[in-house]
Amino acid sequence: MAGAQPAGLPSREADSAAASAVKGLQADGRHAEARERYTELVARHQRRASRIAFHYLRDAAEADEAVQDAFVKAYSHLSTFREELPFEVWFTRILINGCLDRIKARTRRERWLVPMPESPGIQREYTERVAGPGPSPEAHLLAKERRQQLADALSRLPERQRTVFMLSHYQGCTSREVSALTGLNESTVRVHLFRAIRKLRTLLAAEPAVELGDKRRVNP
């Protein structure tokens, strides 16, 4: 049976077997069977992928879109997958890069504060409506700017350092677990993690402080 999984087959081996089967079916032009078999990988990684995407995007609907986009992209590029790298790591790279792209695009769209109404009466009503115990519009803007800066810094890391950092800090994997996922030995994982953190600190320290006055749009 095409979708059957051998009993007791470890997850990583099961992923590789499923990915290889899908690649073969795609190459043979058996696309309906390929999509059916691919659902095994989707089912195994859906929940984990959703957690990762939400961690980045902080929006459930956008996280769902990012996950679906990542699965579609992974399926369409499965011919480039090589079994020596676990599918989980390969797919996570696609997902994270997609999330970083979404953060950049969203920040560009939302980087300006909503202009204050011109009428004094409406302006007072607006101020009273937005005032409250929750974060202010300025605080939201600052948070978005910080996410943008972090996304930019992460995108500038070498791919291996970025992968190790993401697995360690955003998925909570130990050095041993990252080693198992990436095929790197534990000492190499720790070196990559140290270098990634040092590089991120350097990149973020070089970023100018967020100034709300520079980011506020002035309407003509």
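Modeller: Start where helix α8 (residues 175-182) meets helix α9 (residues 186-206). The two pack at an angle of about 105°, and their axes lie 9 Å apart. Axes here are lines fitted to C-alpha atoms, for helices over the stretch in contact, and angles run from 0 to 180 degrees between N-to-C directions. Helices (H or I, at least four residues) and strands (E, at least two) are DSSP runs, numbered from the N terminus. α8 and α9 are therefore roughly perpendicular to each other, a label for angles of 65 to 115 degrees.

This is a predicted model, in which local features need pLDDT of at least 70, side-chain atom pairs count only at pLDDT 80 or more, and totals for chains, interfaces and linings use all residues. Residues are numbered from 1 along each chain as its sequence is written, and side-chain values use heavy atoms, with hydrogens and water left out.

Now the residues that touch. From α8 come S175, R176, V178, S179 and T182; from α9 come E186, V189 and R190. Contact means heavy atoms within 4.5 Å. The residues of this contact divide into two nonpolar, three polar and three charged. Nonpolar covers Ala, Val, Leu, Ile, Met, Phe, Trp, Tyr, Cys and Pro; charged covers Asp, Glu, Lys and Arg; the others, Gly among them, are polar.

Next, T174. This residue is found in the loop between α7 and α8. T174 is partly exposed, with a relative accessible area of 43%. Buried means under 20%, exposed over 50%, and partly exposed in between (1.4 Å probe, protein chains only). The C-alpha atoms of T174 and R190 are separated by 9.9 Å, and the two residues are 16 apart along the chain.

On to the largest cavity. A cavity is a set of points on a 1 Å grid over the protein atoms alone, where a 1.4 Å probe fits but cannot get out; lining residues have an atom within 4 Å of a point. The lining consists of R93, I96, N97, E159, R162, T163 and M166. α4 (87-110) and α7 (159-170) each supply at least two of the lining residues. The largest share, four residues, comes from α7. By type, the lining has two nonpolar, two polar and three charged residues.

Finally, the whole. The protein has 10 helices and zero strands. Of its 220 residues, 37% count as buried. Among contacts with a separation of 6 or more, 69% join residues 24 or more positions apart.

Methods: Parallel < 35°, antiparallel > 145°, perpendicular 65-115°, else oblique. 1 Å grid on protein atoms, 1.4 Å probe; cavity = no way out; pocket = protein on both sides within 12 Å on 5 of 7 lines; lining within 4 Å.
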